[in-house]
Amino acid sequence: MKGKLMFLLFIALLGLAACNQDTSTPGNKEPNSTDSSETDQGDKQPDVTENDETDSGGTNEEDKHDLEENKQYGNDVFNEVSVSPLEDGSVVVKGKARVFEGVFQYAVISGTEILLENHYQTEGAPAWGSFEIAIDNQFLTKEQVSIELFVYSAKDGAKTDILTIPIK
């Protein structure tokens with residue numbers, strides 16, 4: 001009986017120690033923090049940051065293009081996400097994701113029309129797995145095209161942790 005009690009006490013202490021570990025990464029909010037950018041549905045607006053680089057000495061148009069390439073987007077699940085154009089007119093979306101079993105979905109959207117929907121497999125949570133998604137230029141011919149990164153909820157199949165990034 002005393003052995004079982006000691007075993008249960010050990011398990012309880014182990015559980016408490018695991019709960020107190022800090023699993024956040026630099027630049028991310030603490031799990032219990034609140035964000036004023038939350039919408040009524042509980043989705044958070046993406047965080048947008050720009051990398052600071054020295055002046056390239058180019059024209060204003062080149063500087064504007066460089067700034068657009070240096071924007072990074074993120075939320076609680078997706079981090080350091082950037083969009084880079086390629087010479088053939090296609091784009092590459094790169095970043096990190098911390099998702100259950102390493103699977104998330106993405107969709108290329110123009111207005112309300114879904115042009116492409118697929119999934120991506122990366123390293124599973126709690127690690128931040130890198131991803132790189134190439135979007136062919138055939139999907140970028142329409143106005144106001146964006147990519148949506150998201151996870152389907154295991155509970156009810158609804159889209160969660162949506163990160164929408166404008167492509168053009």
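Lys 96 and Glu 80 bring their side chains together in a salt bridge, 3.7 Å from N to O. Lys 96 sits in strand β4 and Glu 80 in strand β3, 16 residues apart, so this pair links distant parts of the chain. Neither end is tucked away completely: Lys 96 is partly exposed, with a relative accessible area of 29%, and Glu 80 is partly exposed too, at 37%. Keep in mind that this is a predicted model.

## The salt bridges

How many salt bridges does the structure hold? There are 3, and here they are side by side.

| Lys | Glu | N to O distance |
|---|---|---|
| Lys 96, β4 | Glu 80, β3 | 3.7 Å |
| Lys 142, loop between β7 and β8 | Glu 113, β6 | 2.9 Å |
| Lys 159, β9 | Glu 148, β8 | 2.8 Å |

Take Glu 113 and Lys 142, whose side chains meet at 2.9 Å. Glu 113 belongs to strand β6 while Lys 142 is in the loop between β7 and β8, so their bridge ties together parts that lie 29 residues apart in sequence. Both count as partly exposed, Glu 113 at 38% relative accessibility and Lys 142 at 33%.

Then there's Lys 159 with Glu 148, whose closest N and O atoms are 2.8 Å apart. With Lys 159 in β9 and Glu 148 in β8, the pair ties together parts 11 residues apart in sequence. Is Glu 148 buried or exposed? At 11% relative accessibility, Glu 148 is under the 20% cut-off, so it counts as buried.

## An open sheet

Now for the strands. Four of them make an open sheet in the order β6-β5-β8-β9, with antiparallel pairing. Which strands stand at the edges? They are β6 and β9; each has a single partner strand, so one side of each is left without a neighbour in the sheet. From one strand to the next, the twist averages 20°. In general, the strands of a sheet pair through backbone hydrogen bonds.

Further in, β5 and β8 run antiparallel to each other and pair over 6 bridges.

Strand β6 covers residues 113–121, and Gln 121 is part of it. Gln 121 is exposed, because its relative accessible area of 52% is over the 50% cut-off. Setting aside neighbours within four places in sequence, what does Gln 121 touch? Its contacts are Glu 101, Gly 102 and Val 103. Gly 102 is 19 residues away in sequence, yet the two C-alpha atoms are 5.5 Å apart in space. As for Glu 101, the side chain of Gln 121 reaches its backbone oxygen at 3.0 Å.

## The nonpolar core

The largest nonpolar core has 24 residues, and those with the most contacts inside it are Phe 78, Val 81, Phe 104, Phe 131, Ile 135 and Leu 149. At least two core residues come from each of β3, β4, β5, β7, β8 and β9. Which strand gives the largest share? That's β8, with 4 residues.

Beyond its neighbours within four places in sequence, Val 81 is in contact with residues including Val 93, Phe 131, Leu 149, Leu 163 and Ile 165. Lys 71, Gln 72 and Tyr 73 are also among its contacts, as are Lys 94 and Gly 95.

Notes
Residues are numbered from 1 along each chain as its sequence is written. This is a predicted model: local features need pLDDT of at least 70, side-chain atom pairs count only at pLDDT 80 or more; totals for chains, interfaces and linings use all residues. Side-chain values use heavy atoms; hydrogens and water are left out. A nonpolar core is a set of buried Ala, Val, Leu, Ile, Met, Phe, Trp, Tyr and Cys residues joined through side-chain atoms within 4.5 Å. Buried means under 20% relative accessible area, exposed over 50%, partly exposed in between (1.4 Å probe, protein chains only). Contact means heavy atoms within 4.5 Å. A polar contact is a pair of N or O atoms within 3.5 Å; within protein, one must be able to donate a hydrogen and the other to accept it, and residues adjacent in sequence count only if both atoms are side-chain atoms. Two strands pair if DSSP finds at least two bridges between them. Axes are lines fitted to C-alpha atoms, for helices over the stretch in contact, and angles run from 0 to 180 degrees between N-to-C directions. A salt bridge is a side-chain nitrogen of Lys or Arg within 4 Å of a carboxyl oxygen of Asp or Glu.
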